[in-house]
Amino acid sequence: SGGLADGGLGLALSRNAIELKNVGVTRRDNVILAEISLSVEAGSCCAILGPNGSGKSALMAVLAGYLWPSTGVVSVDGRTYGRVNLADVRSRIGLIEPSRAPKFDDRMCVRDVVATGLFGTIVLPPHRDVDQSQWRRVDEEMVSVGLSEIGERAYGDLSSGEQMKTLLARAMVSNAKILLLDEPTVGLDIGSRAACVAVLDRLLARSRPPTVVIVSHHLDELPAAVDQIVLMKGGRVVGQGTPDDLLTSAHLTALFDCRVEVIRSGERFLASVRSADLG
């Protein structure tokens, strides 16, 4: 009967890259996440929004296999955590958190940093050669994120925005099926943020795009192709739906406990808060 159950689960998950059912995380009697149920279709883009302390980063850590749930079931890329080798699942995930970015040697050139994605390392392994087809893939991904002109520059000399593009190219070189982006544009100026959003737009426009889950505080950094919005507050999901349904002044005012005005500009959404409405 176990084989039949697993087969049924596989069929159920075939179109979903991520499936969470009643996931909870409790640490020292502190509830971090409670009753999280979430499905993200393969090749789609899901944005998670919520105030500080709402559990967004904890949810990303659960998806990446770095935080183990106390209750519930987590399945990523058709593999259920607890039944599979997590290292195998992580090899399919590109996790980008600026606050925990890999510590590359600042003297490494950009092209070499991108190439480390082939091996999941922070240096090119001395006992492994990068063949011509792999270098072509590296170069293609660098072109796709706009790094082709600076491939020989030292990683430490790059701007924050250029480093973020490098990390995105590195994740794609690794053949990541799923990109988990935890506030990827934090600390970037307006131009760099816009450039990174443009990279995400291009990735999602591919014929076989990765599944993207992005945590953000800013509506203007969401890709235009975002399919699903998840609102979190107090460790719980308080809303799931399309951008049209959830990116409204009423929903975000309730979410952030201040008066938020949402403005739509084409496929983009913007949010503003008047100082008079704070406090």
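Ala, Val, Leu, Ile, Met, Phe, Trp, Tyr, Cys and Pro count as nonpolar here, and Asp, Glu, Lys and Arg as charged. The views below show a predicted model.

**View 1. The lining of the largest cavity.** A search of the whole structure finds one cavity of 30 Å³ or more. The largest cavity holds about 30 Å³ of space. Its lining consists of Leu-219, Leu-222, Pro-223, Val-226, Glu-267, Arg-268 and Phe-269. By class, five of these residues are nonpolar, two are charged and none is polar.

**View 2. The largest nonpolar core.** This core has 52 residues, and Leu-179, Leu-181, Leu-219 and Ile-229 touch the most other members. Helix H6, residues 160–173, gives the most to the core, with seven residues. Apart from this core lies another, of 31 residues, including Ala-17, Ala-61, Leu-86 and Met-232. In soluble globular proteins, nonpolar side chains tend to be buried together.

**View 3. The surroundings of Leu-219.** Leaving out residues up to four places away in sequence, Leu-219 touches Leu-49, Leu-247, Leu-252, Val-262, Phe-269, Leu-270 and Ala-271. Leu-219 also lines the largest cavity, as does Phe-269.

**View 4. Tyr-81 in its loop.** Tyr-81 sits in the loop between strand S5 (79–80) and helix H3 (86–90). Its relative accessible area is 9%, so Tyr-81 is buried, the cut-off being under 20%. Beyond its neighbours within four places in sequence, the contacts of Tyr-81 include Val-62, Leu-63, Trp-68, Leu-86 and Ile-93. The side chain of Tyr-81 reaches the backbone oxygen of Leu-63 at 2.5 Å. Between the C-alpha atoms of Tyr-81 and Ala-61, which are 20 residues apart along the chain, the separation is 13 Å.

Technical notes: Residues numbered from 1 in each chain as written. Predicted model: local features only at pLDDT ≥ 70, side-chain atom pairs only at ≥ 80, totals over all residues. Heavy atoms only, no water. Core = buried A, V, L, I, M, F, W, Y, C linked by side-chain atoms within 4.5 Å. Buried < 20%, exposed > 50% of the residue type's maximum accessible area, 1.4 Å probe, protein only. Helix = DSSP H or I, 4+ residues; strand = E, 2+ residues; numbered from the N terminus. Contact = heavy atoms within 4.5 Å. 1 Å grid on protein atoms, 1.4 Å probe; cavity = no way out; pocket = protein on both sides within 12 Å on 5 of 7 lines; lining within 4 Å. Points joined across faces, edges and corners; volume = space filled by probe spheres on them. Polar contact = N/O pair within 3.5 Å; in protein donor to acceptor, adjacent residues only side chain to side chain.
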